[in-house]
Amino acid sequence: MPRVISNGNELDVDLTEPEIKQIKNLLERDPTITEWGMFDVMHSEHCSYKSSRPKLKLFENAEENYDYVLAGPGQDAGVIDIGDGYALAFRIESHNHPSAIEPYHGAATGIGGIIRDILCMGVRPIALLDPLRFGPLKGNSHSQWLLKYVVKGIADYGNCTGIPTIGGEVEFDKSFENNCLVNVACIGLGTIEDFEHAPSKAYNPGDYIILMGGSTGRDGIHGVTFASRTLTEMSEADRPAVQIGDPFTKKMIIEATLEAIKTGYVRGLKDLGGGGLSCALSELTGDGGTGAKIDMTEIFTREPGMNSFEVMLSESQERMAFIVKPEGLEEVLEVFRKFEMAYAVIGRTDDSKVLEVYNRDKLVVSLPAIALSDAPTIPREEKRPDYLDNLIAQKTPELSIELEEIIYTLIASENICSKEWIYRQYDHEVGVRSVVKCGEGDSGVLRIIGTNKFIAASVGVNSKHCFLDPYEGAKGGLVEICGNVIANGAKPIAMVNCCNFGNPEKPESFYFFSKAVEGMGDLCKALRIPIVGGNVSLYNEDEVTNTLIKPTPVIMIVGLIDGEENIITMPFKNTGDDILLIGNTKAELGGSEYHSVIYDLEGGIPPKVDEEKIKNIWTFIRELYANKFVKANHDVNKGGFIITIAEMCFKNKMGANLDLNNCFDEDLRDDEILFSESVGRFIIETNSKDYKKIMEIAKNFNVNVKRLGVLINKPELVINGLKERVIKLDVNRMKEEFDSTLPNLMEF
Amino acid sequence: MTIKIAVIQFPGSNCDLDTIHVLNNVIGVEANLIWHNHFKESNYDGCILPGGFSFGDYWRAGIIAAYSPALEEARKMLKDGRPIIGICNGFQILTEAEFLPGALLKNDSLKFICKWVNIKVENNTTVCTNKMKVGDVLSIPIAHAEGRYYTDKLKELEENNQIVFRYSTENGEIIKEANPNGSMENIAGVCNLEQNCLGLMPHPERASESILSPKKTIHGTIFFESMIEFIKGRSISAKSN
């Protein structure tokens, strides 16, 4: 790590020598130590996306290509117009490194940060979703400790701020054991007017700059540079770089900010997150084409004697920067006083295009605003790891275990089992919007009060699939998460992603990121889904054990449902109804739960996405919905369709008689039929009198639909037509296995 | 007569807007959101202390709000018999302010619990149960970390008929399995001696619209409608006096 020296002060920076040279050339002088610190933060991977930006350019421009996209990538959150005068904002972000070191505060401040991102779009945060990844829990107290406190951190923070946690996803895999992944997503709702009142830039010279909320302390200094390194044995010593959350203050900031916006005098708004004041002020002025003069002594600090370096780089939580019209200053301050929020008028914008910070009358920072917010990019090399070929060539062992035993084991496995232990701790109903609640469907469904519209949201990806083939795996993730909202009756309308990958300086790590981005970009374009935002978390490697995380491009999809009658739910409903499988089942067991749980195998042939087939399936399902043919729908995911059917049986204690004769390719093995994780499939329940009409529509759209059997009023799954023999499963036992795994592992 | 109800917004309340929504749009009564130190009792026929985490609940839940000027105003309402309702955090505030007996301790699981439960009506003469029958079972959600009811005056409460709701099974059995948080005698809600002040941990405002409810019930509306009935009854008896 290079060391810079200014006026006798020394600082180790995460900048490269060319970057250091470039900065000196730009300024035509040596920066002060505070300025070095600001460059260090703003040029960190976390703030500048210097490795990832060239690849992210592959995503099509959402604002240009979709008329309902109001804000796209590069803003604090993506914003879309959902009609009736409403704007929906959403974003997903990672808080991996802090959570790996200090799970409770790491996760809590992750929630805090994502709430601020939504709030600074001028809208009210109305829902949270949390995709989480840990090492396997069984026999591993470290993984149990991480899960327990990450969940508690999310619950304590989300519950207190009154924002329901409506969904999420958990994956367990050895590669996440030390470098767990904690991604947090938030959705906000407001009127289009609210959104237009709060751009994240200071475009008008002469406005006041107000800092509101928590005090500025010495916590979290250089949190982003910490997040832009791999985890090492020294990482424990970085614990002070993890911020401490205060959900009560956050709740007050939400109310005070929304009320301040209603005055009409707020002209710009920005949260203080990674990089603290440095980041917020340089982005506000840099993006707005203005400059600013800041009086550092006005900033209220948690302790006396903080120097300009500490003040400018502090990442203390719960702070917002407001740009306020001069004539409305008093009215905005009055709102802050009502909510008893601390605030300080710290400066004014001007047309200098320079950010100047004074400590009393001493100028400590004087930088062209654009220099900070426009970091150079670094081209990275990529190379496909040779070991992938061997992995993909791995064969499924001969079937030697009873299929019943395999199914009972799968449904109890950590990745498939019920996540109720987690979501019971989240208030998922506050806000009185939650229509399809945690555990009841593939996605969380919220109503938009005052309209007959509903939004469905889901997050996730299959990291095992992405490991074997990041391009197809990322596409498969997109298909699956879209499938989740489609299963609840929604049309997917926009996507954001959170890319969790390893060290970009290693070509074999960067390969996964590069291919996953290409996969998401290509398929989104083909399916006409705008990518309205994203977050990139690189350096997810544990150097102590030399472990690279499985590539994890988490995808979040928001969908729209028109009318309450069009909401579809997961549980099977009526005896005698047909069970239909939609989509093609192939010998794709690579990265499956079956391989991993039963044989401890990571390899095999992973699922591939056929874009045309997926498009046809989606149109076909919409057609069935329009005809009111579908009584229940659940997308096929981990463990294969047999797990999907079991989950649909649980709620109403039903069962099924299945006959798989003539439903699958002749050359598929029994385990390939049952446990393949081919993507884009659905299990639906329909009335048998509609079967003929459904098959006609299927023919029109060239979609593969197979009647697997009928529902029975008895908790029993009977499967005929396999090569081996008839198998029988007790649904009650499956439910017990499904429900008991997490409590058994976590309550002791 | 026009009825006006105040929903008190403490710093950290988070079910305030939900309660306002249900009163205004579902029940159809005028309800105003009032910042805690702006509240003046004389303008209102009743008040509701909503759920949330007042002042962050970093110390004992509800204790700081119990010292808010809003509670001094509410005390005047308490004395002249107007309704004062505490839901979840509001219940915690009312016990801390000693409007209601007992205390709410950490759940026996030591965890926050969000789920739909059943509660059985034990007393149907109170401010919020007068349109129910004793033995009715309501489907309603809870969402709290500190909801385990405790009192050292159990016998007194039972004798005075102050236990209004108990956690039960769907069929109304009061058994341990139906108790989500370890509350003493499955107690979910209590009232004062005069029955115009009532607190409960479950959220009636989340159980007032069929679209939100797993069994499509709207039992929460009976709770609020009873409150309106109580206010109307008071005005009639005031006139006849």
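**Conventions**

I number residues from 1 along each chain as its sequence is written, and chains are lettered from A and ligands numbered from 1 in the order in which they are written. Since the model is predicted, local features need pLDDT of at least 70 and side-chain atom pairs count only at pLDDT 80 or more, while totals for chains, interfaces and linings use all residues.

**Entry 1**

I then turned to the largest nonpolar core, which has 311 residues. A nonpolar core is a set of buried Ala, Val, Leu, Ile, Met, Phe, Trp, Tyr and Cys residues joined through C-beta atoms within 7 Å. A residue is buried if 20 or more other C-beta atoms lie within 10 Å of its own, exposed if 12 or fewer, and partly exposed in between, with C-beta atoms placed from the backbone. Leu88(A), Phe322(A) and Met556(A) touch the most other members of this core. The core draws at least three residues from each of domain 1 and domain 2 of chain A.

I listed the contacts of Leu88(A), leaving out residues up to four places away in sequence: Val79(A), Ile80(A), Ile82(A), Ile187(A), Leu189(A), Ile455(A) and Val558(A). Two residues are in contact if their C-beta atoms, placed from the backbone, lie within 7 Å.

**Entry 1: helix 23 of chain A**

Helices (H or I, at least four residues) and strands (E, at least two) are DSSP runs, numbered from the N terminus. I found that helix 23 (residues 611-626) of chain A has 16 residues and spans 23 Å from its first C-alpha to its last, close to the 22 Å expected at 1.5 Å a residue; the expected span is 1.5 Å times one less than the number of residues.

Its buried residues are Ile614(A), Ile617(A), Trp618(A), Phe620(A), Ile621(A) and Leu624(A). They lie on the same side of helix 23 of chain A because they cover an arc of only 160° around the axis, the arc being that of the directions from the helix axis to the C-beta atoms. The face turned away from this buried side carries the exposed residues Glu612(A) and Ala626(A). Among the elements that cover the buried residues are helix 20 (470-487) and strand 24 (578-582) of chain A. Just after helix 23 of chain A, Lys628(A) takes a positive phi of about 60°.

**Entry 2: single residues**

I located Phe224(B) in helix 5 (residues 219-240) of chain B. Phe224(B) is buried, because 24 other C-beta atoms lie within 10 Å. Not counting residues up to four places away in sequence, Phe224(B) touches Val22(B), Leu23(B), Ile27(B), Pro204(B) and Ser208(B).

I noted Asn546(A) for its positive phi near 55° in a residue other than glycine. Asn546(A) sits in the loop between strand 21 (541-542) and strand 22 (547-548) of chain A, and is exposed, with 7 other C-beta atoms within 10 Å.

**Entry 3: contact between the chains**

I found that the contact takes 23 residues from chain B and 25 residues from chain A. On the side of chain B that touches chain A, helix 1 (16-27), strand 6 (113-121) and strand 7 (137-144) of chain B each give two or more residues. Strand 6 of chain B gives the most, with 3 residues. The residues of this side divide into 13 nonpolar, 5 polar and 5 charged, where Ala, Val, Leu, Ile, Met, Phe, Trp, Tyr, Cys and Pro count as nonpolar, Asp, Glu, Lys and Arg as charged, and the others, Gly among them, as polar.

Definitions and conventions. Domain bounds come from an automatic or database domain assignment.
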